[in-house]
Amino acid sequence: MIKLRDGRRCNLNIFDILDNDNWEANCDDDSTDVLLLTYCVDQDVSYNNLFLRCNALKKKKISGKFHSKVLIVGTKADRGKFREVPQGSGEKLVKKFDLDGSIECSALSGYNVNKLFEETIKLALQKHNEDCEQGGTDGGSGTSENNESQRTHDTQNDINQTVVYVDNGQLCPCCTIV
């Protein structure tokens with residue numbers, strides 16, 4: 001869970017390549033805003049396993065049993081000479097299974113770690129806005145186009161105010177990961 005400075009909370013589920021026990025049951029948790037699914041760029045088998053997970057998620061989406069945002073995360077991006085999964089493979093999953101985004105990063109080098117958190121928060125805020133729209137609690141008046149423009153502006157403003165920066169193991173005071 002990420003707690004934003006303004007008190008809002010974003011619920012996350014992170015499934016690593018080794019989290020095989022009951023992962024599908026955990027996907028049914030309606031409180032999850034963003035699901036991060038990982039694979040290692042230096043392990044082709046991890047990508048193949050992720051492909052199977054994405055296929056199962058697509059079936060859940062079609063049946064109306066899954067509503068979280070999904071971000072595909074390629075880990076160990078610093079292991080270029082040991083790469084088994086071609087660059088762009090995460091994006092292929094996004095297109096094939098109608099997911100919400102893909103990113104490669106490296107915890108060791110810090111490559112794209114900040115961007116990973118930024119994208120996660122952006123997706124969580126989008127999910128919250130969609131939930132408000134479905135509940136009819138957007139609080140706005142006027143045309144649908146004006147409301148959409150305002151929500152886009154509000155989401156971008158929220159993102160700008162809640163970006164997480166991870167440098168040398170330190171998080172900025174705008175949020176905490178629980």
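**A tour of the model**

Just after helix H2, Gly 64 takes a positive phi of about 80 degrees. Helices (H or I, at least four residues) and strands (E, at least two) are DSSP runs here, numbered from the N terminus.

Some housekeeping: this is a predicted model, so local features need pLDDT of at least 70, side-chain atom pairs count only at pLDDT 80 or more, and totals for chains, interfaces and linings use all residues. Residues are numbered from 1 along each chain as its sequence is written, and side-chain values use heavy atoms, with hydrogens and water left out.

On confidence, pLDDT is the predictor's score for each residue, from 0 to 100. The protein chain has a mean of 74, with 60% of its residues at 70 or more. Over residues 136–153 pLDDT stays under 50, and the model has 10 contacts (heavy atoms within 4.5 Å) beyond four places in sequence for them. Residues 159–178 also stay under 50, with 44 such contacts.

As for the fold, the protein chain has 5 helices and 9 strands, in the order β-β-β-α-β-α-β-α-β-α-α-β-β-β. Of its 178 residues, 39% are buried, meaning under 20% relative accessible area with a 1.4 Å probe, protein chains only.

Back to H2, residues 44–62: its 19 residues should span 27 Å at 1.5 Å a residue, and its end C-alpha atoms are 27 Å apart, which agrees. The expected span is 1.5 Å times one less than the number of residues. Buried residues of H2 include Tyr 47, Leu 50, Cys 54 and Leu 57.

Technical notes
Buried means under 20% relative accessible area, exposed over 50%, partly exposed in between (1.4 Å probe, protein chains only).
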